[in-house]
Amino acid sequence: MKKKLMRLLMIGAVLILSFGALPACGSTGLSSGDDSGAKVTKKKADKLTIGVSISTLSNPAFITLKNKIQDYAKSKGTTVKITDAQNDTAKQNNDIEDYITKKVDAIIVNPCDAAAITTAVKSANEANIPVVCVDRSSDGGKVLTTVATDSVKGGEMAAEHLYKELGKNAKIAEVTGIPGASATRERGKGFDGYAKGKMNIVTKQTGNFDRAKTLTVTENILQAHGDIVGIFAQNDEEAVGAANAVQAAGKGDQIKIIGFDGADAALKMIEKGQINATIAQRWDVMGTKSLDAVYNHFQGKKVPKKTVSPIKLVTKDNVTAYMASIK
């Protein structure tokens, strides 16, 4: 009897060890790129549905991003659903919650606000839906990767350019972006850090990354600080608004303006000499890299926490060649 009992116990132990070593049903046993240890079921690109949330489609740069995501996804057979948050953090969070309810395979988000998007990212985490951030980051929750340019470096490049153009102690104004956006913080950090001790930033005012608001802001700056010789606008929509205000004031030949993005409207104004320069981002590259992060994740490949997209200083000297290179 004892021998029979021992034999049964040994058989049971072998079965437990054998089945315990197998992965859960439907899992490949591959670790995802978010370091969470979660298992990933492999899926081909043409089997994926991806929800995309853009902060605003009133900005031509983000329209370029949207179009590239759509075109690249179509070439891979991927279904994408795209929403415009209209720079409204509540709407963006609701749009993402809707994607979660519809059980999309992944979410790509260009956040309006780095702190406000945290709740939605965490909701996606709980639903085991991977999230990729584009251009701007999330302050909380887990994301596969943030696809963006080095905005701190870009801010430094903008300051260095103005310093070379205007010299030491030049009086300049800085038009900042949306408060709370990671791009606002990082571009400002880079610019202010380089400018300290070299140039005189006489005023900082927010233009909310908006052309019309920045036109009004710049008009007020020119009235209060008529002796400024340079303006750093934290995106090209602001740069265009600032340039329009400067031109209307008859100071186009007195004030040098540098933007950030590489948007078509700003590039054309650089050609005309109405904007001095921009720190150009490659929105097409960001679009493809954000989708590639999702594809790699669902192939069980490791995804880096940061995916850096290139930037370039574009001036009147190289704007024509640059525009030709991105067509």
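Let me begin with a definition: a residue is called buried when its relative accessible area is under 20%, exposed when that area is over 50%, and partly exposed in between, with a 1.4 Å probe and protein chains only.

The structure before you is a predicted model, in which local features need pLDDT of at least 70 and side-chain atom pairs count only at pLDDT 80 or more, while totals for chains, interfaces and linings use all residues. Residues are numbered from 1 along each chain as its sequence is written, and side-chain values use heavy atoms, with hydrogens and water left out.

I turn to the overall composition. The protein has 11 helices and 14 strands; these are DSSP runs numbered from the N terminus, helices being H or I of at least four residues and strands E of at least two. Of its 327 residues, 48% are buried. The accessible surface comes to about 15300 Å², and carbon and sulfur atoms account for 53% of it; such areas come from the Shrake-Rupley method with a 1.4 Å probe, and for residues only the protein chains shown count as cover. A contact means heavy atoms within 4.5 Å. Among contacts between residues at least 6 apart in sequence, 73% join residues at least 24 apart.

Next, the helix pairs. Axes are lines fitted to C-alpha atoms, for helices over the stretch in contact, and angles run from 0 to 180 degrees between N-to-C directions. Angles under 35 degrees count as roughly parallel, over 145 as roughly antiparallel, 65 to 115 as roughly perpendicular, and the rest as oblique.

How do α2 and α10 lie relative to each other? The axes of α2 and α10, the latter spanning residues 283-297, come within 8 Å and cross at roughly 45 degrees, and the two helices are therefore oblique. The crossing of α2 past α10 is right-handed, the term for a near helix turned clockwise from the far one by less than a right angle, left-handed being the anticlockwise case. On the α2 side the contact includes Phe62, Leu65, Ile69 and Tyr72, and on the α10 side it includes Trp283, Met286, Leu291 and Tyr295. The residues of this contact divide into 10 nonpolar, four polar and four charged. Here Ala, Val, Leu, Ile, Met, Phe, Trp, Tyr, Cys and Pro count as nonpolar, Asp, Glu, Lys and Arg as charged, and the others, Gly among them, as polar.

Leaving aside residues up to four places away in sequence, Leu291 touches Ile50, Ile69, Tyr72, Ala73 and Ile108. Its C-alpha atom is separated by 9.7 Å from that of Ala106, 185 residues apart along the chain.

The second pair is α5 (residues 151-166) and α6 (residues 182-195), whose axes are 6 Å apart at an angle of about 40 degrees. They are therefore oblique to each other, and α5 passes α6 in a right-handed crossing. Among the residues that meet are Val152, Leu162 and Tyr163 in α5, with Arg187, Phe191 and Tyr194 in α6. This contact holds eight nonpolar, three polar and five charged residues.

Helix α6 also holds Thr184, which is buried at 11% relative accessibility. Beyond residues up to four places away in sequence, Thr184 touches Thr176, Gly177, Ile178, Phe209 and Gln234.

Asn93, Ile96, Glu97 and Ile100 in α3 meet Thr119, Ala120, Ser123 and Ala124 in α4, giving four nonpolar residues, three polar and one charged.

I close with individual backbone positions. Most residues other than glycine have a negative phi. Which phi values are found at Asn208 and Asp261? Asn208, not a glycine, has a positive phi of about 55 degrees; it lies in the loop between β9 (200-206) and α7 (211-224) and is partly exposed at 27%. Asp261, likewise not a glycine, has a positive phi of about 155 degrees and is found in strand β11 (residues 256-261).

Finally, Ser58 is in the loop between β3 (49-54) and α2 (60-76) and is exposed, with a relative accessible area of 53%. The C-alpha atoms of Ser58 and Arg211, 153 residues apart along the chain, are separated by 9.8 Å.
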